[in-house]
Amino acid sequence: MQSCCWALRSALRQRHSLNASTGAWTFAIRDGFKRSFTTTSARRAGPLKVQGELEQRIAKIPIERFRNFCIVAHVDHGKSTLSDRLLELTGTIEPGGKKQILDKLDVERERGITVKAQTCSMIYNYMGEDYLLHLVDTPGHVDFRAEVSRSYASCGGALLLVDASQGVQAQTVANFYLAFAQNLALVPVLNKVDLPSADKDRVLEQLQETFELDGSNAIGVSAKTGMNVDKVLPTIIEQIPAPVGKETAPLKVLLVDSWYDNYKGVILLVRIFEGQIRAGDRVKSFATGSEYIVGEVGIMYPLETPQTVLRAGQVGYIYFNPGMKRSKEAKVGDTYTHTHSISKVEPLPGFEEPQSMVFVSAFPTDQSEFSRLEDSINQLTLNDRSVLVTKESSEALGAGWRLGFLGTLHCSVFEDRLRQEHGASIIITPPSVPFKVVWKGGKEEVISNPNHFPDSQTVHGKIESLQEPYITATITMPEEYLGKVIELCEGNRGEQESLSFFTATQVILKYALPLERLVDDFFGKLKSATKGYASLDYEEAGYKDSNIAKLQLHVNKAPVDAVARVIHISQAQRLGKEWVSKFKEHVDRQMFEVVIQAVVGKSVVARETLKPFRKDVLQKLHAADASRRKKLLEKQKEGRRKLRAVGNVAIDNKAFQSFLANLTRSTPTTMPLEKLEGVELPAAADMHVHLRENEMMELVTPMIRRGGVNTVFVMPNLVPPITTVAHCLAYKKQLQELASDVTFLMSLYLHPHISPATVKEAKQAGITGIKSYPHGVTTHSDHGVMSYEQFYPVFEEMERQDMVLNLHGELPPSQGQDITVLNAEESFLPTLKDLHRRFPNLRIILEHCTSAAAIQAVKDCGPTVAATITAHHPFLIVDDWAGDPHCFCKPVAKLPSDRRAILKTLISGDPKFFFGTDSAPHPAHTKRADRFAAGVFTQPHAVGYVVDALEQGIETGVLAEEDVTKEKLQGFLCDFGRRFYKVQDERQERISLQRRKEVVEEILRSEDGKVEVVPFRRGKMTWEAKWL
């Protein structure tokens, strides 16, 4: 055995060889097998990888054919969607796959925003040569400005993406200047040009006036449909410069972002400016001085794809082995280089630690959950190093944390993730901001916790000044809200800096505002004041001297540490009164008097007294014994004085929880119906439309889907009216040619030519119903009904064939001298009930209810009677149409009480009432004559008008926010009508409700300009039904 070992050793000495370039030892064994072993002296992190097909292709691309770019845009202008299209065009992802692939967080998808900077590499073949493109999808919101600026530093150019319907917004302006400061080449791209409300010329004018950009080369695209997106990639290659850098130079790496992996530790997203980096390299951080061994390098394609090397100009990821365990070590903006090159490399400029500007205190609702909640917070901060976490304790609420954030959205996102991803039950105090103390010796100190605010004696004796942070707010809004916004800013101690119009109707307003007012739900108030059509961006403006003080709650002269806030002295009395009155509601009565005070310094600014329980000591006393009476009361008074001196007020922890929750809700954080933003519904069914003929038909029929509708019941009152099956089918064919993606339910006009035989023929031809017009009451009703008796045989046959009878519910003036437009509907209701009594199985629809009486009559009838409610009547009363011909229709809107009844019925969930717009277009000139036509045109914004009306109902107090639910809205718009008509939604399409900054058109024209129609609520803001 020993001889064998010696023989093996001898053979190995003779046959071994070392490949110095690879560090691989090769051994030839006597039996003919050859083994190779790799040394780890130079590459300890992992084995040398073999290049795959993708990396071989990338290796052939020189740096001159690299392009690093990002997307500059306002939040929700389509950055992530455009990214998806570019990835599909380059073959990086499959078309129609996962949407918003660069938005990886649940909260990003839920809110429709980008929070974390993400990147993806793409290979694009242009004119026979491969180009390596690196796309960085950046956040658009101001709170994540650090993410944006670092992402821009890694790029050579940017797509300036602007919504063609909304135009330039506040964050477009702010992010443009960030990109401009980085000397990025800018390529203007107009998104959503396929929307009817898109105004490309206006937006190009804004780009010229706001940024001095030549819009002649701007690309108009629709990221949603992919229209013209193929023109973006060649433009990127032609207009965005290639990065510069030498592969042979010492390594210089910029840290752009990081995230945490349970197995690999912290993964770094980096941009290589000089040199090359491989697995096994030793690198050093300039910010922390720490050294690491690289474990793996790779690119995002779109997920982590390992590579053997990253070289100058590339954007990719690295992680270390052993892994970086703490996210705090990854300083965004930091520079890394090889340990042996540290003296040869200067760090890249611009690194700075993120500064928290909004602070809250967080406590578990149950102290037994402290450890679990601490673990949850630690897990979230692994991926969000900008959150500042320190432990604190409160006598009232127990152990908790002081959390610092970049802004209010950052705070809200963090709280949402705690609750959604970790199921945390947590108490969050109202947000506060840091303040600065300038001592008389010149020392400056920034304090973020109100409990550390110096007392009044210190303020007067040792402090030179107190300062609070200010911001410069940029607000863009429609001109109609300018007065309200100025009033809001002035009421929040704002100082106006500039006011400019960048279009005839859009305003940019700049104000210097205290940050403390901004975090007090300023954005929520701004949304409420402008119905959501203002946008806000801000930048820090330093600290300014201010008359600030600490407001604190005292209970029986003892301070409550959980409730303290640094405020401007002008708010003290108002906020103090609010605090004491609300806190009183949550404190139990004691055997002694409880005094609740709001205190600023040594001054009491508000007080509430909780009276004690009182025993009736005079119960057994004779009424005439005055001296005894006085003695007993004095004794009771003295006893209470002693009890108050030794007694402690016992305040339950739940009282503080309720108070803080109530305090947080004191200012509305949402505007009416914000909960409907992004809600998905089936496509709407509009069971009453007028589509007209000829040029008017060609103009309005393609607009059906714009309103979120894919099923319509079409009215037959053409000239001449549709009274035969052949005419009806020919009309349907015309409509289908204009809108093949709409389901048309057709009807005949009730006329003496209609017979029971016609009913049978119509049923066999698939015609849905027959519409009745009283003679002479509305447009094209000259052939209308004078009496229903002659049609009883027709109704009997309709009952047998299960067809629908649609009634225009008014009596003509010829049937009574006291019949007017205001009572014609109510006068018709006995006729409705009589028809229902005679034909109980006949499905009858009372069209376009306009009165409380009509609604009640339908409710009183059986299940075969239903009614439609239009898109415009929930807005109107008689005063509206009396002064505006574009609000005039038949039947006319009536009293405020009728409008209230319509609104409440619309959202009642009663299946007898469903959507029928009665959209009735008329040439614009017929609405300007002395005797104008009856009809309101609502088709292009049908669903949006309904939501607008509900929003108005909440604002006026007719409806409560909780009355409006997705289920009830879906029933009214989508389900109840189809159910009554017994039709299926075969297309199974869906829409999403979106609160857009778009205006209803002033006028709609045909392509040749011959036909013009004025839509309802022209010039007003409206919701959008977005097709999914």
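Is Arg-705 buried or exposed in this predicted model? Arg-705 is buried, at 15% relative accessible area. The views below start from this residue.

**View 1. A salt bridge joins Glu-989 and Arg-705.** The closest N and O atoms lie 2.9 Å apart. The pair links distant parts of the chain, 284 residues apart. Glu-989 sits in the loop between helix H27 (966-981) and strand E43 (990-999). Arg-705 sits in the loop between helix H18 (694-700) and strand E35 (709-714). Glu-989 is partly exposed, at 22%, whereas Arg-705 falls under the 20% cut-off and so counts as buried.

**View 2. Asp-834 pairs with Arg-837 within helix H22.** Their closest N and O atoms are 2.6 Å apart, a salt bridge. Helix H22 spans residues 824-838. Asp-834 is partly exposed, with 22% relative accessible area. Arg-837 is exposed, at 57%.

**View 3. Asp-163 is buried in strand E7.** The strand covers residues 157-163. Relative accessible area for Asp-163 is 0%. The Asp-163 side chain makes a 3.1 Å polar contact with the side chain of Lys-192. The Asp-163 side chain also reaches the backbone nitrogen of Gln-166, at 3.3 Å. Beyond four places in sequence, Asp-163 touches His-77, Asn-191, Lys-192 and Val-203.

**View 4. Arg-202 meets Asp-199 in a salt bridge.** The N to O distance between the side chains is 3.6 Å. Asp-199 is partly exposed, at 32% relative accessible area. Across the whole structure, a search finds 29 salt bridges.

Definitions and conventions. Residues numbered from 1 in each chain as written. Predicted model: local features only at pLDDT ≥ 70, side-chain atom pairs only at ≥ 80, totals over all residues. Heavy atoms only, no water. Helix = DSSP H or I, 4+ residues; strand = E, 2+ residues; numbered from the N terminus. Buried < 20%, exposed > 50% of the residue type's maximum accessible area, 1.4 Å probe, protein only. Polar contact = N/O pair within 3.5 Å; in protein donor to acceptor, adjacent residues only side chain to side chain. Contact = heavy atoms within 4.5 Å. Salt bridge = Lys/Arg side-chain N within 4 Å of Asp/Glu carboxyl O.
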